[in-house]
Amino acid sequence: MEDTIFLEKKKVLTNRTIFVKVKGKLFTDVSIFHNYFEEDRIEKACKEGCPNYGKKWSCPPFSKSFLSLEKDYTSACMICFSTQMEYYADIKNKYLAVKAANVTLKSLVEKCARAVETYTDGYSLLSGSCRLCKSCQCKINLPCKHPEKMRYSMEATALNVQKLCDDFLNHHLLWYTDKVLPEYASAVALVLFNQHLEIDQLSDILNDIFSE
Ligand code: SF4
């Protein structure tokens, strides 16, 4: 059975048109992800390097671990969207250019993951921290406003997303470091579920997202 998908999709945005490389893979045994669960290392990296640590309900130390989330599911679908930074060449500030590309990709991959989640009655892990509220209630010590809609990122559940992309999607994640523009930007999501999902069904969901 075919379990991977590689596509290139055109997306017309309000201020530019971009092409998005779409890579997806289906898994029929989620225990394979145990090899990519790195709780101590990722918690330390978040604590030492991320301004969101302890300030968002979707981020460590409040996020749930992958092991506690996956135990209710048997199968999964990993999706990665990437786009060349050349489509953002008009934005001269390199940091803002990467940010603009990331905002678009995170939003697209979230739409796709939530559509797969609905289709399979599953549970998605998204790209980046929760953005449902302008400012997370965590910062003012109040409970999460949308606990049923809020989703963790793959990283926040302690998955090594870089290694997962290298190993299963033949896609190497690049980062904006030392003011050097990466060749492309990427966003990744994972959906856990119990139903059977065919690659053609994933393809239909992707087509719907890019035709909106
Ligand atoms: S839904 Fe709002 S309060 Fe809850 S994690 Fe997301 S941003 Fe924070």
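Ala, Val, Leu, Ile, Met, Phe, Trp, Tyr, Cys and Pro count as nonpolar here, Asp, Glu, Lys and Arg as charged, and the others, Gly among them, as polar. Keep those classes in mind for the first stop.

This is a predicted model, in which local features need pLDDT of at least 70 and side-chain atom pairs count only at pLDDT 80 or more, while totals for chains, interfaces and linings use all residues. Residues are numbered from 1 along each chain as its sequence is written, and side-chain values use heavy atoms, with hydrogens and water left out.

**Stop 1: the largest pocket**

Select Cys50, Lys106, Gly128, Glu155 and Trp175. Of the 37 residues that line the largest pocket, these lie nearest its centre. A pocket is an open set of points on a 1 Å grid over the protein atoms alone, with protein on both sides within 12 Å along at least five of seven lines; a cavity is a set of points where a 1.4 Å probe fits but cannot get out; lining residues have an atom within 4 Å of a point.

The pocket holds about 1400 Å³ of space. Such a volume is the space filled by probe spheres set on the points, and grid points are joined across faces, edges and corners.

Now colour the lining by class. It divides into 23 nonpolar, 9 polar and 5 charged residues.

Next, show the elements. Those giving two or more residues to this lining are α1 (39–49), α3 (94–120), α4 (161–169) and β5 (184–193). Helices (H or I, at least four residues) and strands (E, at least two) are DSSP runs, numbered from the N terminus. Which element gives the most to the lining? It is α3, with 6 residues.

**Stop 2: the cavity and its ligand**

Move to the cavity. The structure holds 1 cavity of 30 Å³ or more. The largest cavity has a volume of about 110 Å³.

What takes up this space? The ligand does. A molecule sits in a cavity or pocket if more than half of its atoms lie within 2 Å of its grid points.

Select the residues around the ligand: Trp57, Cys130, Leu132, Cys133, Cys136, Gln137, Cys144, Lys145, His146 and Met150. A residue is near a molecule if one of its heavy atoms lies within 4 Å of it. This shell divides into 7 nonpolar, 2 polar and 1 charged.

**Stop 3**

Show the cysteine sulfurs. How many disulfides does the structure hold? The count is 0, where a disulfide is a pair of cysteine sulfur atoms within 2.5 Å.

Pick Cys80. The nearest cysteine sulfur is that of Cys165, 4.8 Å away. Cys80 is buried, with a relative accessible area of 1%. Buried means under 20% relative accessible area, exposed over 50%, and partly exposed in between (1.4 Å probe, protein chains only).

Pick Cys112 next. Its nearest cysteine sulfur belongs to Cys77, 6.8 Å away. Cys112 is also buried, at 0% relative accessibility.

**Stop 4**

Most residues other than glycine have a negative phi, and most peptide bonds are trans.

Zoom to Pro60 and Pro61. A cis peptide bond joins them, with omega about 5°. Pro61 is in the loop between α1 and α2 (66–70).

Then find the loop between α4 and β5, where Asp178 is placed. Asp178 has a positive phi, near 50°. Is Asp178 buried or exposed? At 74% relative accessibility, Asp178 is exposed.

Step on to Lys179, found in the loop between α4 and β5. Lys179 has a positive phi of about 60° although it is not a glycine. It counts as exposed, at 64% relative accessibility.

**Stop 3: distances across the chain**

Select Ser75, in strand β3 (residues 75–84). Ser75 is buried, with a relative accessible area of 11%.

Met78 is buried, at 0% relative accessibility. Met78 and Ala158 are 80 residues apart in sequence and 15 Å apart in space, C-alpha to C-alpha.

End at Ser211 in helix α5 (residues 199–211). Ser211 is exposed, with a relative accessible area of 57%. The C-alpha atoms of Ser211 and Leu126 are separated by 21 Å, and the two are 85 residues apart along the chain.
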